[in-house]
Amino acid sequence: MGVSLHKPETIEEAVRLKSEDSEALFLAGGQTLIAMMNAELVEPPALISLDRISDLKGIDRQPDGAIRIGAMTSHADIASSDQLIDAHAVIGEAARVIAHPAIRTLGTIGGAVSHGDPNADYPAALVAADARFEVVGPGGRREIAAADFFLDYMTTELQENELLKAVILPPAPDRSAGHYEKFSRVDGDFATASVAVTLLLDGASKIDWIRIAVGASGPTPVRVPAAEQSLQGSDMGAAAVAEAAEQIAAACDPLDDVRGSSDYRRLLIPRLVAKAVTITKSLAEA
Amino acid sequence: MTSTQAFDLKINGEVRQVRADGATTLLEVLRQQLGLNGAKCGCNQGICGACNVLLDGKAVRSCLVIAAMAIDREIETIEGLEQDGELSPMQQAFLDTGAVQCGFCMPGMVLSATALARENPKAGVEEIRDAISGNLCRCSGYVKVVDAVRRVTGA
């Protein structure tokens, strides 16, 4: 009796094991799943560990400047990577503020993303980075845009028997920048609210494009294209930033919980957005 | 592996046999099978840090590691820090500073600090605070803990 543990060495074998036992769960870094098992929130009959699949680990820069992060890459490795520069820095910054050092040692980007918790740090950062997720299943491989991946609280576009293989960040041009601004009660806690920004400045130091995603403020990361467009071509004066921030805050639907009332969060979000975009612009200018 | 099996773990330089299934945590085998009670079961949720051990030299929550995932890796617990009857420099610093109050969080705290000092022998106060940020002390004795680690890193 007891729970079985499989340790496949290839992605194909992992997908096959899952299709043979749909109640088995993929085990990534385990920093959420094992806590849920300890609390008896889930009781899988079997675990399929992804730890031995070397294809799932590592951060690689593609010839075109895109970055590919294997799903089993740890938060610690992402936090300390020197490859995540310019707009890609938003992902490294998010990784550095996930929980505590011991959690970052084992926790992985693939596990965190697949869990689909909108209060976690990667979802907003990946939406702001315009990331794509490479997914494999019995039917083959497909790519899903981050904006289409997160559907609701703990609910993603990932289908049963599918496995997240890698996160792909589009090329980040020179004079682009990325920043993740997290507001939490104490270090290591989930965010009360968070804001992820990437932007590109043109030759005249005006906004070429900007992407702003708010985390921990609704069932999925919140992006408001109209607010982003209102900043395009501008030099982001305080009034324009404040107006865009209010527009984004109006689209948020924050929870009332121990990390802050929804009223409090509604006051916090526009200020955090303004702070985050201002910091990101100064990073791009530096 | 299918359900409960016997396998070897390398703990504090010794090979120890345990029996566990795919849901049994490293913390459970340390405490219930090996008599290594230094790692504490505080929250069993990865929040408190009282169960921290070192896995290949890095601090991890033993409550969030499946025991069978630690096969072929080096596990160090608080019991393994002492050498030839002598406390490790970090243990001695905690003792000399009077950093220990009730003691429940201490094994995890000392191991987090040990991992830091090995990786960054001259760690400063901010790095020390970050390293122990995931170790809760409900006696709230953090100041002396930081002082203890500073003795070792020279900060």
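This report describes the two chains of a predicted model, their folds and the contact between them.

## Basis of the description

Residues are numbered from 1 along each chain as its sequence is written, and chains are lettered from A, with ligands numbered from 1, in the order in which they are written. Because the model is predicted, local features need pLDDT of at least 70 and side-chain atom pairs count only at pLDDT 80 or more, while totals for chains, interfaces and linings use all residues.

## Chain A: overall form

Chain A has 11 helices and 13 strands; helices (H or I, at least four residues) and strands (E, at least two) are DSSP runs, numbered from the N terminus. Its C-alpha trace spans about 65 × 45 × 35 Å along the principal axes. A compact globule of 286 residues would have a radius of gyration near 19 Å, and the 19 Å of chain A agrees with this. The radius is taken over C-alpha atoms, and the globule rule is 2.2 Å times the number of residues to the power 0.38.

Of the 286 residues of chain A, 51% count as buried. A residue is buried if 20 or more other C-beta atoms lie within 10 Å of its own, exposed if 12 or fewer, and partly exposed in between, with C-beta atoms placed from the backbone. Among the contacts in chain A with a separation of 6 or more, 65% join residues 24 or more positions apart; two residues are in contact if their C-beta atoms, placed from the backbone, lie within 7 Å.

The domain assignment of chain A gives domain 1 (1–49) and domain 2 (178–285), with bounds that come from an automatic or database domain assignment. The C-alpha centres of these two domains of chain A lie 36 Å apart.

Glu160(A) lies in the loop between β9 (155–156) and β10 (163–169) of chain A. This residue, Glu160(A), counts as exposed because it has 9 C-beta neighbours inside 10 Å.

## Chain B: overall form

Chain B has 5 helices and 5 strands, which follow the pattern β-β-α-β-β-β-α-α-α-α along the sequence. The C-alpha atoms of chain B fill a box of roughly 50 × 30 × 25 Å, taken along the principal axes. For 155 residues, a compact globule would have a radius of gyration near 15 Å; chain B has 15 Å, in agreement.

Of the 155 residues of chain B, 48% count as buried. Residues 24 or more positions apart account for 57% of the contacts in chain B with a separation of 6 or more.

The buried residues of helix α1 (residues 26–33) of chain B are Leu26(B), Leu27(B), Val29(B) and Leu30(B). They pack against β2 (14–20) and β3 of chain B. After α1(B) comes Gly35(B), whose phi is positive, near 65°.

Helix α5 (residues 142–153) of chain B has 12 residues, which at 1.5 Å a residue should span 16 Å; the end C-alpha atoms are 17 Å apart, which agrees. The expected span is 1.5 Å times one less than the number of residues. In α5(B) the buried residues are Val145(B), Ala148(B), Val149(B) and Val152(B). Seen down the axis of α5(B), these buried residues fall within an arc of 90°, so they line one face of the helix; the arc is that of the directions from the helix axis to the C-beta atoms. The buried residues of α5(B) pack against α2 (89–97), α3 (106–119) and α4 (125–131) of chain B. Gly154(B), with a positive phi near 75°, follows α5(B).

## Chain B: contact between domains

Chain B is divided into domain 1 (5–78) and domain 2 (89–153), and the C-alpha centres of these domains of chain B lie 21 Å apart. In chain B, 14 residues of domain 1 are in contact with 12 residues of domain 2. On the side of domain 1 of chain B that touches domain 2 of chain B, β3 (52–55) and β4 (58–61) of chain B each supply at least two residues. The largest share of that side, 3 residues, comes from β3(B). The residues of this side of domain 1 of chain B divide into 8 nonpolar, 4 polar and 2 charged. Here Ala, Val, Leu, Ile, Met, Phe, Trp, Tyr, Cys and Pro count as nonpolar, Asp, Glu, Lys and Arg as charged, and the others, Gly among them, as polar.

## Contact between the chains

The contact takes 25 residues from chain A and 28 residues from chain B. On the side of chain A that touches chain B, β1 (4–6), α2 (33–38), β3 (46–49) and α5 (101–106) of chain A each supply at least two residues. Of these elements, α5(A) gives the most, with 5 residues. The residues of the side of chain A that touches chain B divide into 14 nonpolar, 9 polar and 2 charged.
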